[in-house]
Each structure stands twice: as structure tokens, then as C-alpha cells.
Amino acid sequence: MKICFNEATTMKNSTLEKDLELCEKAGYELIEIRLDKLRDYLKDHTVDDLAAFFAKSGIKPYAFNALEFITFRDEKGYNEIKENLKFLCDVGDKINCKKIVVVPTFDVGNYTKAQIKEETVRALNDLAGYAEPHGFKLAFEFVGYPNCSVNTFGQAYNIVKAVNRDSVGIVLDCFHFHAMGSRIEDLEKADPKKIFIFHIDDAEDLPIGALRDNNRLWPGEGVIDLDAILSTLKKIGYNEMASVELFRPEYWDWDIEKAIMVGKEKTEQVVSKYFEVE
Ligand code: ZN
């Protein structure tokens, strides 16, 4: 299993340049790049600078985060998503980063699960229609909030299965999995090839439906049954990568290097119980 750093973990005070330098130093194999940090970086760097960094570095880009709220959009909102998709495909081509996280919409109103599925399958197919011929894969990330239109693993997997394209898979985020009570039996039935990205984290002990991103904790420090998730991933044959992704304001205020180091240590401790860490 390769250990990856998701830039949300240092969202408030760091930059892409700093994350890259410190993640390389900490020995991460992979990084997930945030769209907002990428745009900031490009204010005083070029895509060629970024490509040059990766060409000589041990750390590699794995995915971009994220195209948000892809469903139930008006024309203007959807066009912005497509513009961002084109932008990420252009950058991704040059730095060899070929996965993009896509996120469903919140507070969509009074739709049934069947209607949500229909709209989400439509949007994923439409975006994949651009991404796929360019060699990009879309990783659909359900969010474990009660008001997110797709908020459990089972619901998200069902949608991705209906899309039925090699270029569309799922993000399994332990926090989102736990937060709305996703079922381990659903993960047991999943095809490991459909899990494009694995986000690892932990959570404070709040009831179902009450957890928010700021309640995330370092892997191993909370109540998520990471043993169940990791042992199931091992059983179904997933062995690709684990990306530490926190959104905890307290950690954002830490020294950036310390947060990046601790994220790697905590992730390795938990993951190495079940997998060989590369
Ligand atoms: Zn995530």
C-alpha cells in the first residue's frame, strides 16, 4: 500500500509548493492536489514548473480534489464544472495525474433515491464523456452528511455500477463511510478495481448524521472501525494506496511540517497492521 497525502490536511496555512517540499521530505509516495491550491500555485508558477518538480521527485501526483456538486446544477454552474474539468485534464496531462475526484450535490430537494441515481448516472456519464477520451478517470466521492444526495457507500457503489465505465469508480473515505452508517457488507461485495481512491482518517464519537469534517481525527485516534474497513479491503484484494485526509481546524493551526509528518506516522501505524507499506 502506498501512503498518500491529501492537501486538505494542511488546507488553511500551507501551499502546494510547501506541501510538495514537506511531503517529499517526509517520504510520502503520492499526493492528492487540491484545485484551489493548484490555482494559487499557478499565480506565480507554471504547469511546466510543476511537471519539472515531479520529473525529479520521488513523490508522484495521484488525483485532483475536487469537482464539487456535479448533479442537479443549472447551466451556469454545470459549465463551471466542465471548465474546471478541462483545466484539470490539461494540467493532469502535463504532470501525469489522471484521476479527478467528483462530489455529489447537497440539499437537492425532495428527490427519491431512484431520481438521484438517474441524475447522478447522467452527470457522471456526461463528464466521463470528456474525461475518458483524454485518458482520465473520475472518482465519485459520496459524503456522509444527511443532506448530501449520495451519502452511503452502498448508494454510491450502486450508481457507479450503473454507469458501468472503466473510467468511473468510487472514493472510499473512512469518515464518510462511518458518518452515515455505511455497511461493511456492501464493501465486501465491491470490486476492488472500482475503488479508485482510499481516504483514511478517523472521527470523534458523535451519533449518525451529526459528524462534520471538523470532527475528523488522525487515523487510529477515533472511533471508526478502521480494522473492519482495512481487513475488508485486504479480503477483497484492494492494495493500492491510502491517502490521509483531515479537515480539522486544530491540525490546520499546527506547524505544517509537523502535521505532514504526524499524518504519515499515524497512517502507517494503522495501515501496516494489514498491509505492507511500500
Ligand atoms: Zn475524502
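What follows is a short chat about reading a few features of this predicted model.

Me: What should I know before I start?

Reply: Residues are numbered from 1 along each chain as its sequence is written, and side-chain values use heavy atoms, leaving out hydrogens and water. As the model is predicted, local features need pLDDT of at least 70 and side-chain atom pairs pLDDT 80 or more, while totals for chains, interfaces and linings use all residues.

Me: Which residues form the negative surface patch?

Reply: A patch takes residues with over 30% relative accessible area and no salt bridge, joining like charges within 9 Å. A salt bridge puts a side-chain nitrogen of Lys or Arg within 4 Å of a carboxyl oxygen of Asp or Glu. Here the negative patch consists of E17, E21, E24, D44, D48 and D49. Helices α1 (16–26) and α3 (47–56) each give two or more residues, and α1 gives the most, with three. Helices are DSSP runs of H or I, at least four residues.

Me: What do the buried residues of α6 pack against?

Reply: Their partners are α5 (113–131), β5 (137–141), β6 (168–173), α7 (174–179) and α8 (184–188). Strands are DSSP runs of E, at least two residues. The buried residues of α6 (residues 153–163) include F153, Y157 and V163.

Technical notes:
Patch = residues over 30% accessible without salt bridge, like charges linked within 9 Å, V, L, I, M, F, W, Y side chains within 5 Å. Areas by Shrake-Rupley, 256 points an atom, 1.4 Å probe, with all protein chains shown as cover. Lys, Arg positive; Asp, Glu negative; His and termini not counted. Charge placed at Lys NZ, Arg CZ, Asp CG, Glu CD. Buried < 20%, exposed > 50% of the residue type's maximum accessible area, 1.4 Å probe, protein only. Contact = heavy atoms within 4.5 Å.
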